[in-house]
Amino acid sequence: MVLEKFILAAITTNPSKIPSGTAVFHCEDKKEMEIIAANLEAILDGIAHALTEELYVIVKH
Amino acid sequence: MSEYTYPILFGLAAGTLTRIYMLRTDYRQYPTYLHGKIIHVALGFIAAGLGTVAIPSIMEEEFTAVTFLTLAASQFREVRNMERNTLTELDSYEMVPRGKTYIEGVAIAFESRNYLVIFTSLLSTLGYLVFNIWGGLAAAILAVFISKKLMSGGRLKEIVEVEFVEPRFDGAGLYVDNIYIMNIGLPERQEEVLRYGMGFILKPKNFNARSTIANLGQRQAILHDVSTALGVYRDSGTPALVPLAKRDLDDGRIGVFVLPQEKNINKAIKIIEAVPTLENAIRMPTERQTNGKGS
């Protein structure tokens, strides 16, 4: 199956902002969020986009 | 040996040599491999044969023999299919794909060059038979000249002005001038993009050019050409490092973002200017008679 424009995962430091229906990674601070996003980007072959300062999503293009 | 032997041999040679001349391996790096070249020289030889025997058959009043030229048409349409299929298959493994429009342009060129070979052979044999070998030679040179003229298309520099702009970030958004390219979240990725990235603004010279460079295939062709010529800072696991071209909706300018391995501004501008304007991307909205009937 080929996925296009699909949110693979969300990474956030703000638990109240979590989206539903996707894998979410809670992080303590921005630094941890960036590390996890960088790893997930490489693993999932998607791009880490910053929606806000406290919410990143990994999107397959 | 009949009286036609030498003219036919002459036409064959002229046609085949034309095909070899047109089969230059240029910056597009295609076809580089020996077998690919052999296929095209062989097909060129067949095309030359078809073209060259047409004149003797007319002179012998064998008019039905000319109908085999129709065979040539279907034969060379196959060439176009073959090229299209091969390039499409290979395109998925390119770091920066050529794109379908570019591939179609290459495939059309391969087909049409065989017709140019037929034309060259036909004209050379005609020259030889009507005058003498010198007449044939003159006809061949003329035909090669016309073929050269017909096979070279337009270049981007005729329709756009290219200008270098340093890419920048506004938050997570990557911009070339005021054109939004993409969202890159990770700070380390942003650093890489700024270190290796180059931005160019393509300003259309007229309204027709605006529609032509808006074509997604044309934009992909620009990215592919720059990436083949200057290398690309990218690998299969790094989807964030992708060359992109986006459009300013207000005035039709195109912002081109590339990640070359060799960061040479002048060279890059020259390469962009030399990108062929794809036949399938050319639009001429000004040719439309807006004040004509029924509009």
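This is a predicted model: local features need pLDDT of at least 70, side-chain atom pairs count only at pLDDT 80 or more; totals for chains, interfaces and linings use all residues.
**Annotated spans**

Let us begin with what the record says. In an unreviewed UniProt entry, the annotation "transmembrane region" is placed on residues 6-22, 34-59 and 126-147 of chain B.

**Helices H2 and H3**

Helix H2 of chain B runs over residues 34-59, and helix H3 of chain B over residues 68-91. Their axes come within 10 Å and cross at roughly 160°. Because of that angle, H2(B) is roughly antiparallel to H3(B). The crossing of H2(B) past H3(B) is left-handed.

Which residues bring H2(B) and H3(B) together? From H2(B) come B:Leu43, B:Ala47, B:Leu50 and B:Ala54, and they meet B:Phe68, B:Leu69, B:Ala72 and B:Val79 of H3(B). By class, this contact of H2(B) with H3(B) has eight nonpolar residues, no polar and no charged ones.

**Helices H1 and H4**

Another pair to look at is helix H1 (residues 5-22) of chain B with helix H4 (residues 100-130) of chain B. Here the axes are 8 Å apart and the packing angle is about 150°. H1(B) and H4(B) make a right-handed crossing. On the H1(B) side the contact residues include B:Phe10, B:Gly11, B:Ala14 and B:Arg19, while among those on the H4(B) side are B:Arg113, B:Val117, B:Ser121 and B:Tyr128. The contact of H1(B) with H4(B) is made up of 10 nonpolar, seven polar and two charged residues.

**Two domains**

Stepping back, chain B is divided into domain 1, residues 5-151, and domain 2, residues 156-284. The C-alpha centres of domain 1 and domain 2 of chain B are 35 Å apart. How many residues of each domain are in contact with the other? In chain B, 13 residues of domain 1 touch 17 residues of domain 2. The domain 1 side of this contact in chain B consists of six nonpolar, four polar and three charged residues.

**Meeting chain A**

Finally, chain B also touches its partner: nine residues of chain B are in contact with 13 residues of chain A. On the chain B side, five of these residues are nonpolar, three are polar and one is charged.

Key
Residues are numbered from 1 along each chain as its sequence is written. Chains are lettered from A and ligands numbered from 1 in the order in which they are written. UniProt positions are given in the numbering used here, feature names are shortened, and annotations may be inferred rather than shown by experiment. Axes are lines fitted to C-alpha atoms, for helices over the stretch in contact, and angles run from 0 to 180 degrees between N-to-C directions. Helices (H or I, at least four residues) and strands (E, at least two) are DSSP runs, numbered from the N terminus. Angles under 35 degrees count as roughly parallel, over 145 as roughly antiparallel, 65 to 115 as roughly perpendicular and the rest as oblique. A crossing is left-handed if the near helix is turned anticlockwise from the far one by less than a right angle, and right-handed if clockwise. Two residues are in contact if their C-beta atoms, placed from the backbone, lie within 7 Å. Ala, Val, Leu, Ile, Met, Phe, Trp, Tyr, Cys and Pro count as nonpolar, Asp, Glu, Lys and Arg as charged, and the others, Gly among them, as polar. Domain bounds come from an automatic or database domain assignment.
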